[in-house]
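Okay, thanks for coming, everyone. Let me put the model up, and then I'll walk you through the parts I looked at.

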Amino acid sequence: MEAHAAQSPVAPPRARHFRLPGVGAGLGRGYVVLWLSIIVLLPLAALTDKSLSEGIGHFWSQVTTDQAKSSLELILVCSLIVAAINAFFGTIVAWLLVRDNFPGKSIINAIIDLPFALPTIVASLILIQLWGKNSPVGIDFALTRMAIVVALCFVTLPFVVRAVQPLLIEMDRDMEEAAASLGAGGATIFRRIIFPNLLPGLAAGVALAFARALGEYGSVLLFAGGKANTTVASILIGQQIETGNETGAAALSIVLLLMALACLLIITLIQRWGSRHERAQGAGAGVGLTMPVADGGLETLDPGADDLDTGAPGTQPPPRREEDDQRG
């Protein structure tokens, strides 16, 4: 009886949940709902009501004009281009900041967050001074569609870098070293080990950058100029408000809002997929890792295996001899 009690598993202690002083569960939820209602839900409801104030037909006519469709198409294409550019260069920047040591690394790491703190209209002025008519490097593409892409790259770069950086920091390098010891090249290690672990964070960062680029206003206002061929949706909304077409501005804003909500939904699905991916990796931690070797074949690396036949976990028992079978 005592042996059975000693061998029985002991339930882990239950985690204690601490709450803020004077804030119970119901009161805390009430605070959250009230604050979100004042800051987010009520303004969105007012915007939706304004966009539909003259009927769904007027709403549709406002978002399907040639100017509205052109501005939406322009910002959508530019946002996709910017997302692809930042996915590539953002991963490289995050890799250098995590894996390499070089002079001025802390300064560059701080500069990455500059677009978060810098007012976007100031960013537009900076870009004009660098790439405008009086450019010190002799390159002028202000008031062009190229200016839109550059401005959006400037304001969205931190999203990708800060999404990939923590994953690189937490990544276990033992798998990379094991794959290298089996003869795998750098490209194979990145494709089969590193990139699958970075993919959830990279995808979420790209989606956030895309959503941020859709509604960008300040950085493209002066740099792109809002000309006929450089008017993005956010600038068109401002122009409609200035001309008194508030209903049209609200309708176009709803379209941008729906596109941003779709991006947020994609981010949520990516995060859930990333959580399942991490749990699957944890469940398969004891499973052998199959990697290519130098001669072109495959070799399975068992994390629990030892090189010595000492009966340690992961070793195979020695084969039975015929004499042992006859004795049995």
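Let me start with a question: which residues does Ser-124 touch, not counting residues up to four places away in sequence? They are Gly-218, Ser-219, Leu-221, Leu-222 and Phe-223, where contact means heavy atoms within 4.5 Å. Ser-124 sits in helix 7, residues 120-131, and it is buried, at 0% relative accessible area. For the cut-offs, buried means under 20% relative accessible area, exposed means over 50%, and partly exposed is in between, with a 1.4 Å probe and protein chains only.

Some housekeeping before I go on. This is a predicted model, so local features need pLDDT of at least 70 and side-chain atom pairs count only at pLDDT 80 or more, while totals for chains, interfaces and linings use all residues. Residues are numbered from 1 along each chain as its sequence is written, and side-chain values use heavy atoms, with hydrogens and water left out.

Now the overall picture. The protein chain has 14 helices and two strands; those are DSSP runs numbered from the N terminus, H or I with at least four residues for helices, E with at least two for strands. Of the 328 residues in the protein chain, 33% are buried. And if you take the contacts with a separation of 6 or more, 69% of them are between residues 24 or more positions apart.

Axes here are lines fitted to C-alpha atoms, for helices over the stretch in contact, and angles run from 0 to 180 degrees between N-to-C directions. The crossing of helix 8 past helix 10 is right-handed, the label used if the near helix is turned clockwise from the far one by less than a right angle, with anticlockwise being left-handed.

Who is in that contact? From helix 8 the residues include Leu-152, Phe-159 and Val-160, and from helix 10 they include Gly-201, Gly-205 and Arg-212. By class, the contact of helix 8 with helix 10 comes out at 13 nonpolar, four polar and one charged residues. Nonpolar is Ala, Val, Leu, Ile, Met, Phe, Trp, Tyr, Cys and Pro; charged is Asp, Glu, Lys and Arg; the others, Gly among them, are polar.

Helix 10 also meets helix 4, residues 66-99: those axes come within 9 Å and cross at roughly 140°. That makes helix 4 oblique to helix 10. This crossing is right-handed. Among the residues in contact are Ile-75, Ala-83 and Trp-95 of helix 4, with Ile-194, Val-206 and Phe-210 of helix 10. The class count for helix 4 with helix 10 is 13 nonpolar, two polar and no charged residues.

Helix 4 has a contact with helix 12 too, residues 233-242, with axes within 8 Å and a cross angle of roughly 145°. Here Gln-67, Ala-68, Ser-71, Leu-72 and Ile-75 of helix 4 meet Ala-233, Leu-236 and Gln-239 of helix 12. That contact of helix 4 with helix 12 has five nonpolar, three polar and no charged residues.

Leu-143, in the loop between helix 7 and helix 8, has a positive phi of about 65° although it is not a glycine. As background, most residues other than glycine have a negative phi. Leu-143 is partly exposed, with a relative accessible area of 39%.

Then there's Arg-272 in helix 13, residues 246-283, which is exposed at 54% relative accessible area. Arg-272 and Pro-200 are 72 residues apart in sequence, and 9.0 Å apart C-alpha to C-alpha.

Last one: Ser-37, in helix 2, residues 25-51. Ser-37 counts as buried at 19% relative accessibility.

Methods: Parallel < 35°, antiparallel > 145°, perpendicular 65-115°, else oblique.
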